[in-house]
Amino acid sequence: MIKFVYYFYLFVLGLMFWSFSSVVIHRIKSGKSWIFTWRSECPKCKNQLKPVDLFPVFSFLQTKWKCRYCKTKISMIYPILELVMGLMFLGTWYFLTDINLIFALNIEEIVKLVFLLLVWFFTVVYVFYDILFLEIPESILVILIWIVYLFLWVQTYFDLWFIPTIISN
């Protein structure tokens, strides 16, 4: 039972990360201020979304694929991509990490998990930015490169050898 709760939690976390990544994608394109200083809004009517509107997939189903305020139809790409990210997170944690080591608080396995999820997150942002806008932002690639360098440094400094494990899987 605990494994089911754990995997459900991971899936929901993946949904939330995609929801956040869609905000990142559109903020980079629009040139608006960064993520934490601007509230999400409907692109059509510009009404700020309430917290209840920010739950991935569930709010989409609750409002019947429309903006709560102006009733403009919401693109199906958002809930589909949220589900895909949820499944990617779940698959990463299920196939590339050992749940028993994570529950045992094994630092190497936890660092590996964080590394994989960050790489997935920024890779998905990078790929879907390209799909949606047919251009590639260098800022996302630079962040991704720095994350990889940071984890390589952590691996070397703390003698964590999870990179060969990832490559061999």
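Reader: Okay, is phenylalanine 89 buried or exposed?

Author: Keep in mind that this is a predicted model. In it, phenylalanine 89 is buried, with a relative accessible area of 1%.

Reader: And tryptophan 93, buried or exposed?

Author: Tryptophan 93 is buried too, at a relative accessible area of 5%. Both residues sit in helix H3, four residues apart, which is about one turn of the helix.

Reader: How many aromatic pairs does the structure hold?

Author: There are 15 aromatic pairs.

Reader: What about tryptophan 146 and tyrosine 149, what kind of pair is that?

Author: That pair is edge-to-face, with 6.4 Å from centre to centre and 70° between the planes. The two residues are three apart in helix H6 (residues 138-157), so about one helical turn separates them.

Reader: Are those two buried or exposed?

Author: Tryptophan 146 and tyrosine 149 are both exposed.

Reader: Back to tryptophan 93. Which residues is it in contact with, leaving aside neighbours within four places in sequence?

Author: Tryptophan 93 is in contact with Tyr6, Leu10, Leu13, Leu113 and Leu117. It also belongs to an aromatic cluster whose members include Tyr6, Phe17, Phe89 and Phe121.

Reader: Now the core. Which residues touch the most other members of the largest nonpolar core?

Author: Tyr6, Trp18 and Trp93 do, out of 31 residues in that core. The elements giving two or more residues to this core are H1, H3, helix H4 (99-103), helix H5 (107-133) and H6. H5 has the largest share, twelve residues.

Reader: Switching topic: how many cavities of 30 Å³ or more are there?

Author: The count is one cavity, and about 30 Å³ of space lies in the largest cavity.

Reader: Which residues line the largest cavity?

Author: The lining is Trp18, Ser22, Ile77, Tyr78, Leu81 and Leu132. Five of the lining residues are nonpolar, one is polar and none is charged.

Reader: And which helix gives the most to that lining?

Author: H3 does, with three residues. Helix H1 (2-30) and helix H3 (77-96) each supply at least two.

Conventions
Residues are numbered from 1 along each chain as its sequence is written. This is a predicted model: local features need pLDDT of at least 70, side-chain atom pairs count only at pLDDT 80 or more; totals for chains, interfaces and linings use all residues. Side-chain values use heavy atoms; hydrogens and water are left out. On a 1 Å grid over the protein atoms alone, a cavity is a set of points where a 1.4 Å probe fits but cannot get out, and a pocket is an open set with protein on both sides within 12 Å along at least five of seven lines; lining residues have an atom within 4 Å of a point. Grid points are joined across faces, edges and corners, and a volume is the space filled by probe spheres set on the points. Ala, Val, Leu, Ile, Met, Phe, Trp, Tyr, Cys and Pro count as nonpolar, Asp, Glu, Lys and Arg as charged, and the others, Gly among them, as polar. Rings of Phe, Tyr and Trp (its six-membered ring) pair if their centres lie within 6.5 Å; planes under 30 degrees apart count as stacked, over 60 as edge-to-face and the rest as tilted. Buried means under 20% relative accessible area, exposed over 50%, partly exposed in between (1.4 Å probe, protein chains only). A nonpolar core is a set of buried Ala, Val, Leu, Ile, Met, Phe, Trp, Tyr and Cys residues joined through side-chain atoms within 4.5 Å. Contact means heavy atoms within 4.5 Å.
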